[in-house]
Amino acid sequence: MPDWLALFKEHGAVLEGHFLLSSGLHSPRYVQCARVLMDPGLATRLGAELARALEAVLGAARPAAVVAPALGGVIVAHEVARALGSRALFTERENGVMTLRRGFTLDPGENVVVVEDAITTGKSTREAIDAVVSRQGRAVAVGSLVDRSVGAVDLGVPRRSLLRIEVPTWDAAACPLCAGGSRPEKPGSRR
């Protein structure tokens, strides 16, 4: 098994400092998956490895589509879908609600895998699952390149990640970095 943490560090994707995560939590470490995904060959390799990990839990439930929340999961969805022989779709916010747009459709009961670049609280992933269900699709598994929750987030379906990394997080009011006078930077995609 590859040393994913070493690979992410080698590509400058593991950042140290004071960060405001998409979840609203603060953290001293951030994994910027875009730094590894900017290499097309590496993105293809990561997608194939994640697809292989997902196949172990999918069994006969082959997905017709792989769906990810924009923006961070778009390349992940594309590469996982390539490896699984599925369609690659992504969700976007419309009036504050994550939805499939751009003519993307799902057939009723169609098996779907939802993927992300990184999961911390699972909020974006849950929103993508809700978008799939609202279109009568069936979310059968979740995958991510990075799991910052170390498996703690339950999304109601089997879940696989390439890299599990324990990253301390705090609410802003309890953040020791803020208490020390530091201001967080926001490197994620949700503004």
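This is a predicted model: local features need pLDDT of at least 70, side-chain atom pairs count only at pLDDT 80 or more; totals for chains, interfaces and linings use all residues.
Colleague: Let's start with E3. How many of its residues are buried?

Modeller: Strand E3 covers residues 65-69 and is mostly covered. Buried means under 20% relative accessible area. By that cut-off, the count of buried residues in E3 is 5 of 5.

Colleague: And which residues of E3 sit on each side?

Modeller: In a regular strand the side chains alternate between the two faces of the sheet. Both faces of E3 are covered. One side has Ala65, Val67 and Pro69, and the other has Val66 and Ala68.

Colleague: Who stands opposite Ala65 in E4?

Modeller: E3 pairs with strand E4, residues 87-94, in the parallel sense, over 5 bridges. Look along E4 for the residue facing Ala65, and you'll land on Arg87.

Colleague: What is the handedness of the β-α-β unit?

Modeller: Trace the path from E3 through helix H4 to E4, the three pieces of this unit. The β-α-β unit they make is right-handed.

Colleague: H4 also packs against H3. How many residues of each class are in that contact?

Modeller: H3 (residues 40-58) and H4 (residues 74-84) pack at about 60 degrees, with axes 8 Å apart. Among the residues in contact are Ala43 and Leu54 of H3, and Ile75 and Val80 of H4. Sorted by class, the contact has 10 nonpolar, 2 polar and 3 charged residues.

Key. Residues are numbered from 1 along each chain as its sequence is written. Side-chain values use heavy atoms; hydrogens and water are left out. Axes are lines fitted to C-alpha atoms, for helices over the stretch in contact, and angles run from 0 to 180 degrees between N-to-C directions. Helices (H or I, at least four residues) and strands (E, at least two) are DSSP runs, numbered from the N terminus. Contact means heavy atoms within 4.5 Å. Ala, Val, Leu, Ile, Met, Phe, Trp, Tyr, Cys and Pro count as nonpolar, Asp, Glu, Lys and Arg as charged, and the others, Gly among them, as polar. Buried means under 20% relative accessible area, exposed over 50%, partly exposed in between (1.4 Å probe, protein chains only). Two strands pair if DSSP finds at least two bridges between them. A crossover is right-handed if, with the strands pointing away from the viewer, the path from the first strand over the helix to the second runs clockwise.
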